[in-house]
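Subject: The structure I promised you

Hi there,

Here is the structure we talked about, with the sequence alongside. Have a look around it for yourself first, and then read on for what turned up.

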Amino acid sequence: MTRQILHLDLDAFYATVEMLLNPALRGKPLIVAMGDVNTRGVVATASYEARKFGVHSAMGLREAKRLCPQAIIVPARHAIYSEHSQRVMNLLREMTPLVEQVSIDEAYLEIEAARDGVAAAREIQHRIHDELKLSCTIAVASNKLVSKIACNTVKPRGLLVIPHGDEEKFLAPLPVGKIPGAGNVTRAKLKAKWNVETIADLARVNADELRAQFGKHGAYLADAARGVDDSPIVTDRATKSISQENTFDRDVRTRDVLEKFLDEMGAGVARELANEELKARTIVLKLRYEDFTTITRQVTLRAPTADETIIRKHARELLRQHWDSQRAVRLLGVGAHNLVERDATWQLELAL
Ligand code: TTP
Ligand code: MG
């Protein structure tokens, strides 16, 4: 099954927000400075008007001013950018629950096979422009790696589609440094040993030799050179968890009492999962003994669940296996981790 992965990156993000808040800055060379607006600071980002002069992120302000003396310099206001970032991410989550935010202005989305991924990308660009007054670049491809690399080649306000089957052809002429993770050291070795400059050059190197030279990273590079990547979208929900716990008024030594509480908390966790339309792959038991030592033990299920009976059963089983019944319990908890969307069966197939 071909996936539709979108990589979205906002254009000149901090600078665009500053222009949004102060329209007099629009169309001007603008530098958002970090640390200090005087010479000791660095460029957080620059508007595209300032980039024409060679100004770029992480450059010292002294040099930036030399390159573009007419640039307007404003100090970075992080709280404001993160508010705007959140609005963007919320808009994206209205399009699909499968959103992976990777930085303040960057996210991957997966559009399910039944929908048109390119139309979704267009709609997102329009909405971000009309509703949030920001601009972004989006690439659509069959995997995260290719969509990320593609996005960077069409900034700003770009939309690029790499059809499935064209991945390797698209990557071939690009410098090998465009592959995320192909940093200076890797590139220097690739150049010295195999005279690699472009991604096509890398694709010509034997995959076993790459593995011998770089280990796991070599295997990644061999795949990347061919545009192969099957890493899943990792949503915030996947890292989130739902749990309930209870500290007892008096430490508990009786299994019956512990089981009764477990059942109740298990039901509560099941209810919360249902409310949020989630299922859990992992059930966690938390135990704190009277001396405050705490253990967590977990079981991973073959199929994700939100079923109260199943959650209780596993919680009881964990208690049976791991509770040292010689010791009184001060706190007991049940958690649901490794959460997935209840209805996203197509996502489960990918992750398995
Ligand atoms: P980027 O997406 O790398 O840059 P950008 O959005 O300004 O420009 P574009 O994507 O169009 O090339 O980073 C997002 C924000 O993160 C950027 O606006 C400012 C901040 N940032 C820094 O503070 N320091 C840095 O070195 C970089 C690269 C970014
Ligand atoms: Mg950006």
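One term before we start: two residues are in contact, or touch, when heavy atoms of theirs lie within 4.5 Å. Please also keep in mind that this is a predicted model.

**The whole chain**

The chain has 352 residues, and 45% of them are buried. It contains 15 helices and 12 strands. Its C-alpha atoms fill a box of roughly 75 × 50 × 40 Å along the principal axes. If you take the contacts with a separation of 6 or more, 65% of them join residues 24 or more positions apart.

The chain is divided into four stretches: domain 1 (4–13 + 79–165), domain 2 (21–77), domain 3 (168–225) and domain 4 (237–351). Between the C-alpha centres of domain 1 and domain 4 there are 36 Å.

**The largest core**

In soluble globular proteins, nonpolar side chains tend to be buried together. Here the largest nonpolar core has 34 residues, and the members that touch the most others are Leu6, Leu8, Val32, Leu92, Ile124 and Ile128. At least two core residues come from each of β1 (4–10), α1 (13–21), β2 (30–34), α4 (78–95), β6 (106–111), α5 (117–132) and β7 (136–141). Which of them gives the most to this core? That is α4, with six residues. And why can we say that the core lies between domain 1 and domain 2? Because both domains give residues to it.

Not counting residues up to four places away in sequence, Val32 touches Tyr14, Ala15, Glu18, Val42, Val43, Ala44, Thr45, Val74, Pro75, Ala76 and Tyr81. Apart from this core lies another one, of 27 residues, which include Ala280, Leu287, Ala315 and Leu339.

**Helix α1**

Next, find α1. Seven of its nine residues are buried, so this helix is largely enclosed by the rest of the structure. The buried ones are Phe13, Tyr14, Ala15, Thr16, Val17, Glu18 and Met19. What do they pack against? Their partners are β1, β2, β3, α2, β4 (72–75) and α4.

**Around ligand 1**

There are 14 residues around ligand 1, and those that come nearest are Ala12, Thr45, Tyr48, Arg51 and Asp105. The elements β1, α1, β3 (42–46) and α2 (48–51) each supply at least two residues of this shell.

- A side-chain N or O atom of Tyr48 is 2.6 Å from an oxygen atom of ligand 1.
- A polar backbone atom of Phe13 is 3.0 Å from an oxygen atom of ligand 1.
- A nitrogen atom of ligand 1 lies 3.5 Å from a backbone N or O atom of Ala44.

Ligand 1 on its own exposes 560 Å², of which the protein buries 73%.

Start with Ser47, which sits in the loop between β3 and α2. Is Ser47 buried or exposed? Its relative accessibility is 2%, so Ser47 counts as buried, the limit for that being under 20%. Leaving out residues up to four places away in sequence, Ser47 touches Ala12, Ala15, Met19, Lys28, Pro29 and Leu30.

Val88 belongs to helix α4. With 0% relative accessibility, Val88 also counts as buried. Beyond its neighbours within four places in sequence, Val88 is in contact with Leu10, Ile128, Leu132 and Leu134.

Glu131 is in helix α5. Because its relative accessibility is 47%, Glu131 counts as partly exposed.

Val88 and Glu49 are 39 residues apart along the chain, and their C-alpha atoms are separated by 24 Å. Glu131 and Val88 are 43 residues apart along the chain, and for this pair the C-alpha separation is 9.6 Å.

Best wishes

Terms used
Residues are numbered from 1 along each chain as its sequence is written. Chains are lettered from A and ligands numbered from 1 in the order in which they are written. This is a predicted model: local features need pLDDT of at least 70, side-chain atom pairs count only at pLDDT 80 or more; totals for chains, interfaces and linings use all residues. Side-chain values use heavy atoms; hydrogens and water are left out. A nonpolar core is a set of buried Ala, Val, Leu, Ile, Met, Phe, Trp, Tyr and Cys residues joined through side-chain atoms within 4.5 Å. Buried means under 20% relative accessible area, exposed over 50%, partly exposed in between (1.4 Å probe, protein chains only). Helices (H or I, at least four residues) and strands (E, at least two) are DSSP runs, numbered from the N terminus. Domain bounds come from an automatic or database domain assignment. A residue is near a molecule or strand if one of its heavy atoms lies within 4 Å of it. A polar contact is a pair of N or O atoms within 3.5 Å; within protein, one must be able to donate a hydrogen and the other to accept it, and residues adjacent in sequence count only if both atoms are side-chain atoms. Accessible areas come from the Shrake-Rupley method with a 1.4 Å probe; for residues, only the protein chains shown count as cover.
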